[in-house]
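I opened this model to see how its parts are arranged. These are my notes, in the order I looked things up.

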Amino acid sequence: MTVDVQVLEFSAEQTGGRALVPAVVQDADTLAVLMLGWMDRDAVEATQTTGRVTFWSRSRAEPWVKGATSGNTLELVDLRTDCDADSVLVLARPTGPTCHTGATSCFGDEPPASEVGRLARTVAARHVDLPEGSYTTSLFEGGTRRIAQKVGEEGVEVALAGVAQGSQELAQESADLLYHLLVLLQDRGVTLAQVEDVLRARRG
């Protein structure tokens, strides 16, 4: 979604005299809230133009591209306004810790988040790093057929648990299936966001 800066209600009342809007940043994959920043008109436009989340620094009184110094950037996925057009929601993918303390989020290392999205990001990292001794690495090295076979096996386990075992066993087998499915998606270059797009289209 593209935000028209002309419809935003920038306020200068509590922002040192400069017209700003609060910007809540949320991880596009895990949905964890990462930070709260402030944007002026130029920052909103720069964020949408460059794809890198940009703020107005109230302490330094200058534009601030998140991660310009540390390398821990926020890559824009989507930008939305609230119902009154006086704040924005930034959906982004962080390339490292968001908080200056080194924490994942300014609200702590374990903010409420989607565990499936968090797992998908871990699987993606394993695909790049291929750490020795990792089960995920062994799956990627085994190739697509091996991964697909595991998805099939886990699917059968879920079906059996559904008809012959308790709810806890069904939950555990479902977690195994989701994990292997995420590995297969990563191997084939399909993102969780693409799957969600299909679900979103079917919702209507």
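**Entry 1: the two domains**

I began with the layout. The protein chain splits into domain 1, residues 13-94, and domain 2, residues 115-202. I keep in mind that this is a predicted model. I then looked up the spacing. The C-alpha centres of domain 1 and domain 2 are 33 Å apart.

**Entry 2: where the domains meet**

How many residues of domain 1 are in contact with domain 2? I found five residues of domain 1 touching four residues of domain 2. Next I looked up the area. The size of an interface is often given as the accessible area lost when the parts come together. Here domain 1 and domain 2 bury about 380 Å² between them. Carbon and sulfur atoms carry 44% of that area. Which residues supply the area on the domain 1 side? I noted D29, T30 and R93, which give 79% of what domain 1 buries against domain 2.

Two salt bridges cross between domain 1 and domain 2. I also noted two residue pairs in polar contact between the domains, both at pLDDT 80 or more. The side of domain 1 that touches domain 2 has one nonpolar, one polar and three charged residues.

**Entry 3: D27 and R121**

I counted salt bridges for the structure and got eleven. I picked out R121 and D27, whose closest N and O atoms are 2.4 Å apart. Where do the two partners sit? R121 is in helix α2 (residues 115-129) and D27 is in strand β1 (residues 21-27), so this pair ties together parts 94 residues apart in sequence.

Is D27 buried or exposed? I list D27 as buried, because its relative accessibility is 3% and the cut-off for buried is under 20%. R121 has 28% relative accessibility, so I list R121 as partly exposed.

**Entry 4: D29 and R93**

I went back to two names from the interface. R93 forms a salt bridge with D29, and the closest N and O atoms are 2.9 Å apart. This pair also links distant parts of the chain, 64 residues apart. R93 is in strand β6 (residues 88-94). D29 is in the loop between β1 and β2 (33-39). R93 is partly exposed at 31% relative accessible area. D29 is partly exposed too, at 23%.

I checked R80 and D78. Their side chains meet in a salt bridge of 2.8 Å, N to O. R80 is partly exposed, with a relative accessible area of 38%. D78 is buried, at 10%.

I looked up T73. T73 lies in the loop between β4 (62-65) and β5 (74-81). T73 counts as buried, at 5% relative accessibility. What does T73 touch? Leaving out residues up to four places away in sequence, I listed R52, K66, G67, R93, P94 and T95. R93 turns up again here.

My last stop was A171, in helix α5 (residues 167-188). A171 is partly exposed, with a relative accessible area of 43%. I also checked A171 against A161. They are ten residues apart in sequence, and their C-alpha atoms are 8.8 Å apart in space.

Technical notes:
Residues are numbered from 1 along each chain as its sequence is written. This is a predicted model: local features need pLDDT of at least 70, side-chain atom pairs count only at pLDDT 80 or more; totals for chains, interfaces and linings use all residues. Side-chain values use heavy atoms; hydrogens and water are left out. Domain bounds come from an automatic or database domain assignment. Contact means heavy atoms within 4.5 Å. Buried area is the accessible area (1.4 Å probe) that two parts lose on being put together, summed over both. A salt bridge is a side-chain nitrogen of Lys or Arg within 4 Å of a carboxyl oxygen of Asp or Glu. A polar contact is a pair of N or O atoms within 3.5 Å; within protein, one must be able to donate a hydrogen and the other to accept it, and residues adjacent in sequence count only if both atoms are side-chain atoms. Ala, Val, Leu, Ile, Met, Phe, Trp, Tyr, Cys and Pro count as nonpolar, Asp, Glu, Lys and Arg as charged, and the others, Gly among them, as polar. Helices (H or I, at least four residues) and strands (E, at least two) are DSSP runs, numbered from the N terminus. Buried means under 20% relative accessible area, exposed over 50%, partly exposed in between (1.4 Å probe, protein chains only).
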